[in-house]
Amino acid sequence: MLRLRVRLIIGVTNMFDNALPKEAEIILALDVGKVTGASLWVTNYPERVITTEIPTRYKVRDVVEDLVLLNDNKVTIACENFVISQRTIKTAQDHNALRLIGWLDLFCEKHDVEFHLRTASSAKSFATDEKLKILDWYTPSKDGHANDASRHMILQIRDSYPEIFTTNILPRLAKALLK
């Protein structure tokens, strides 16, 4: 049974313009900042992600609200955490990441959406560019934010849907990496 049609556009990328089966579950992975990388994955299409970069935190808010409030599917949000360190104190003059993470945390709690934070290093060490290319999830861009979001996506699929990770993603990686 299909539910009503939802259109979600991020930048110029139409994330999906088809009715999703009611049982489909969605993960939105984000690499938040002045420009936010976004990667969207649906359980019914386990080999595909749709990635883009979102230019402002206000557009990120709109995307998240539309995704969560305008459909009946279960949504999980995975996000790169912003860790304040000696390096970021000196180099990070933009506070968009902190503002977005705070808003996401409160929004997800209010709307009963799973919200997961993880470090950039955990995502980058596990989901390399090579692995993204093997999966055909690599998106060339100026700063790589869309790819960083896809790195978090791989980890979230592994953690939330181990059966899909094991049957759909891991074999594709193993086949290419073991050549």
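## A walk through the predicted model

Of the 179 residues in the protein, 45% are buried, where buried means under 20% relative accessible area, exposed means over 50%, and partly exposed is in between (1.4 Å probe, protein chains only). This is a predicted model: local features need pLDDT of at least 70, side-chain atom pairs count only at pLDDT 80 or more, and totals for chains, interfaces and linings use all residues. Residues are numbered from 1 along each chain as its sequence is written, and side-chain values use heavy atoms, with hydrogens and water left out.

**Confidence and overall layout**

The average pLDDT of the protein is 84, and 82% of the residues score at least 70. Over residues 1-13, the pLDDT is below 50, and this stretch has 41 contacts in the model beyond near neighbours in sequence. The pLDDT is the predictor's confidence in each residue, from 0 to 100, and a contact means heavy atoms within 4.5 Å. Where pLDDT is low, the predicted coordinates should not be read in detail.

The protein has 7 helices and 7 strands. These are DSSP runs numbered from the N terminus, with helices being H or I of at least four residues and strands being E of at least two. Starting at the N terminus, the order of elements is β-β-β-β-β-α-β-α-α-β-α-α-α-α. Among the contacts with a separation of 6 or more, 63% are between residues 24 or more positions apart.

**Helices α1 and α3**

Two packed helices are described by the angle between their axes and the distance between the axes. Here, the axes of α1 (residues 57-69) and α3 (residues 96-110) come within 11 Å and cross at roughly 20°. That makes α1 roughly parallel to α3. For these terms, axes are lines fitted to C-alpha atoms, for helices over the stretch in contact, and angles run from 0 to 180 degrees between N-to-C directions. Angles under 35 degrees count as roughly parallel, over 145 as roughly antiparallel, 65 to 115 as roughly perpendicular and the rest as oblique. The crossing of α1 past α3 is right-handed, a label used if the near helix is turned clockwise from the far one by less than a right angle, with anticlockwise being left-handed.

F107 lies in helix α3 and counts as buried, at 7% relative accessibility. Leaving aside its neighbours within four places in sequence, F107 is in contact with V64, E65, V68 and L69.

**Helix α6**

Helix α6 spans residues 145-160, and its 16 residues reach 22 Å from first C-alpha to last, close to the 22 Å expected at 1.5 Å a residue. The expected span is 1.5 Å times one less than the number of residues. Because 12 of its 16 residues are buried, α6 is largely enclosed by the rest of the structure. The buried set includes A146, N147, D148, M153 and I157. S160, also in α6, is partly exposed, with a relative accessible area of 27%.

**Links across the sequence**

L28 lies in strand β3 (residues 26-31) and is buried at 0% relative accessibility. Beyond its neighbours within four places in sequence, L28 is in contact with residues including L40, V63, V64, I77 and M153. K74 is in the loop between α1 and β6 (75-80) and is partly exposed, at 37% relative accessible area. With neighbours within four places set aside, K74 is in contact with A24, E25, I26, E114 and Y161.

The table gives some pairs from these regions.

| Pair | Separation in sequence | C-alpha to C-alpha distance |
|---|---|---|
| L28 and V63 | 35 residues | 9.9 Å |
| F107 and R61 | 46 residues | 9.6 Å |
| K74 and I26 | 48 residues | 6.2 Å |
| S160 and I27 | 133 residues | 9.4 Å |

**Two backbone details**

Most residues other than glycine have a negative phi, and most peptide bonds are trans. D112 has a positive phi of about 55° although it is not a glycine. D112 sits in the loop between α3 and β7 (114-118) and is exposed, with a relative accessible area of 75%. D136, again not a glycine, has a positive phi of about 65°. The loop between α5 (129-135) and α6 holds D136, which counts as exposed at 67% relative accessibility.
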